[in-house]
Amino acid sequence: MGIRFDSVTVAYDGNVVLDSLDLTVEPGEVMALLGPSGSGKTTALRAVAGFVRPVSGRVLLGGRDVTDLPPYQRGIGMVVQQYALFPHMRVDENVAFGLKARRTAKSETRQRVAQALEMTGMAAYARRHPRELSGGQQQRVAIARALAIRPDVLLLDEPLSALDAQLRSGMLAELARLHRELPDVSMLYVTHDQVEALTLADRIAVMDKARLQACGTPKELYRSPADEFTASFVGGANLVPVTVGRAGVSFAGAELKVDTSGVLAGARATLCVRPHLVGLGEGPNRLVGTVTEIQWRGATHRLYVEVDGHSVMADLRELKDPPSLGDVVALHFASDDAVLLPAGVSHG
Amino acid sequence: MLVHSRGAKWAVWAVFLLLFVPLFALPLLVVLGASFATHWSSVLPSDLTTANYRAATRGEALQALTTSLLTATGASLLALAVGTWAALAGAALKKRYRRIMDALFVLPVAVPSVVVGLSILVAFSKPPMLLNGTRWIVILAHTVLVTAFAHQSVSAAITRLDPAYEQAAASLGARPSYVLWRVRLPLLLPSLTAAAGLCFALSMGELSATMMLYPPDWTPLPLLIYGATDRGALFTGSAVAVVLMAATLLVLFAVSRVRTRASYR
């Protein structure tokens with residue numbers, strides 16, 4: 001079952017927190033809503049669940065308008081950051097809750113609870129209480145509870161944010177496996193973490209300031225972002241203001257060769273290059289600047305180089321002989337690793 | 001503890017005992033001593049006896065104890081039901097209306113209880129609502145007096161209740177009534193039992209409003225104590241007072257046992 005937002009606007013006391021969102025999640029698709037806090041992504045999810053009421057626009061589930069339905073009539077599975085497991089019920093009672101509320105037959109309830117716990121690897125903990133489980137285990141139970149009602153749509157609201165980094169990557173793989181096992185379930189996955197979005201999502205909707213900024217597959221957004229916000233939020237990026245010439249752009253007195261098709265010569269634009277695609281030393285598309293900061297990150301070194309008043313980041317495989325602060329170094333990048341974006345905030 | 005140095009800790013304990021013992025503990029110990037006495041003319045009571053207790057646990061006194069227990073149980077259960085209902089309903093109201101409702105429930109506490117007793121007596125002395133002369137007027141008065149406390153403590157607990165629980169329940173397809181019985185009330189249970197205990201204790205000790213309206217066949221224990229001391233039977237009165245105290249504490253202890261089992265974190 002797909003989800004469709006049809007110019008959904010949500011406001012609290014005249015304060016718009018979601019501004020006319022148009023978005024379609026196809027049946028069986030994983031859509032990540034990615035954005036910083038306050039971007040409206042959680043509000044969008046809550047509008048699907050029925051916990052906030054849009055002031056205008058419609059929410060459709062599988063073609064059915066559910067805007068006016070109360071949450072309990074929507075048939076949606078939901079997993080939230082703080083798990084929200086019922087503390088007075090055992091794990092199996094938690095998972096059975098939705099089935100009991102729907103008056104499912106006892107034998108079927110038992111079977112589906114067992115199946116959901118099996119699927120999330122929590123079968124051995126069925127008789128425990130939530131307080132006896134670790135955070136990761138509690139989140140698995142919460143997922144099992146949401147899956148037990150066999151929803152067509154699963155809403156995940158920052159499901160991994162309360163877990164530590166190591167558990168998070170494990171759970172990310174689990175979620176990907178669940179999605180492969182349940183190919184018909186559409187998932188709306190709210191996160192502020194671009195790694196989660198890039199790993200899990202079929203498509204990513206980037207949100208900022210209550211608006212949808214961009215929507216596309218992870219590769220599209222990463223390789224050719226449409227605007228500065230998307231470029232820096234998805235993957236991180238060097239954004240420098242340039243002036244477009246005939247066969248390239250000019251920046252800090254240097255001529256750089258990049259693809260300028262579709263952009264008028266003489267226009268101002270923003271050059272976007274991913275930090276890990278920037279190399280140290282001489283090469284085509286050369287930038288010269290002063291090293292202002294060096295961070296050693298184990299496998300990589302990150303250099304911050306100031307080029308004509310703009311900070312350029314370079315992620316380099318661990319250097320045997322890293323430059324020192326204040327050294328003048330040359331950086332370079334390949335022409336086809338750069339993207340031209342419309343001029344934005346980086347122009348000041 | 002906020003105080004770290006050894007000397008300061010001793011000082012804090014000394015101040016605590018100096019304030020606590022004379023104000024809270026001594027009077028109760030005096031009543032306990034008096035309940036075993038036949039005379040008390042020097043420092044300590046003399047001619048110790050258990051006759052006071054024999055008198056305090058039979059006949060009129062036993063009847064009054066049953067009356068008090070029944071009244072307090074009835075009033076606290078009624079207050080809990082009404083207070084919880086109102087608190088749940090209030091939680092769904094807008095802030096302005098909720099304030100009005102809170103004020104309404106606090107009214108019987110803000111007004112002197114003698115006035116509450118009098119107003120209930122006047123209001124229910126004529127048909128069609130003739131309760132005067134029955135036990136129900138006592139239970140009603142106690143209910144009115146203690147509902148405020150039930151309402152207040154349950155309200156506070158509802159505000160603290162994380163809405164994530166009921167939202168998770170709703171998303172799983174549970175109707176509001178199912179969510180109420182299976183999720184919200186069980187999660188509120190610790191506060192509900194605490195509120196019930198408080199109401200029970202308050203009702204067990206209520207005197208001033210009860211005095212205005214109790215019928216002869218429904219005399220709660222505090223009135224018996226008052227009557228006994230009024231006649232000058234101080235030592236019998238003390239024994240009855242100890243019985244009242246013990247019965248109340250016993251019930252509170254049982255309630256707190258339920259509460260310990262009902263708290264989840």
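**Note on the predicted model of chains A and B**

1. For chain B, the unreviewed UniProt entry lists residues 65-255 as "domain: ABC transmembrane type-1". The model discussed here is a predicted one.

2. The contact between the chains involves 17 residues of chain B and 20 residues of chain A. On the chain B side, the elements that each supply two or more residues are α7 (163-171) and α8 (176-205). Of the elements of chain B, α7(B) gives the most to this side, namely 7 residues.

3. The composition of that surface may also be recorded. By class, the side of chain B that touches chain A has 12 nonpolar residues, together with 3 polar and 2 charged ones.

4. Chain A is divided by the domain assignment into domain 1 (3-228) and domain 2 (237-347). The C-alpha centres of these two domains of chain A lie 38 Å apart.

5. Contact between the two domains of chain A involves 4 residues of domain 1 and 9 residues of domain 2. The side of domain 1 of chain A that touches domain 2 of chain A comprises, by class, 2 charged residues, 1 polar residue and 1 nonpolar residue.

Methods: Residues are numbered from 1 along each chain as its sequence is written. Chains are lettered from A and ligands numbered from 1 in the order in which they are written. This is a predicted model: local features need pLDDT of at least 70, side-chain atom pairs count only at pLDDT 80 or more; totals for chains, interfaces and linings use all residues. UniProt positions are given in the numbering used here, feature names are shortened, and annotations may be inferred rather than shown by experiment. Two residues are in contact if their C-beta atoms, placed from the backbone, lie within 7 Å. Helices (H or I, at least four residues) and strands (E, at least two) are DSSP runs, numbered from the N terminus. Ala, Val, Leu, Ile, Met, Phe, Trp, Tyr, Cys and Pro count as nonpolar, Asp, Glu, Lys and Arg as charged, and the others, Gly among them, as polar. Domain bounds come from an automatic or database domain assignment.
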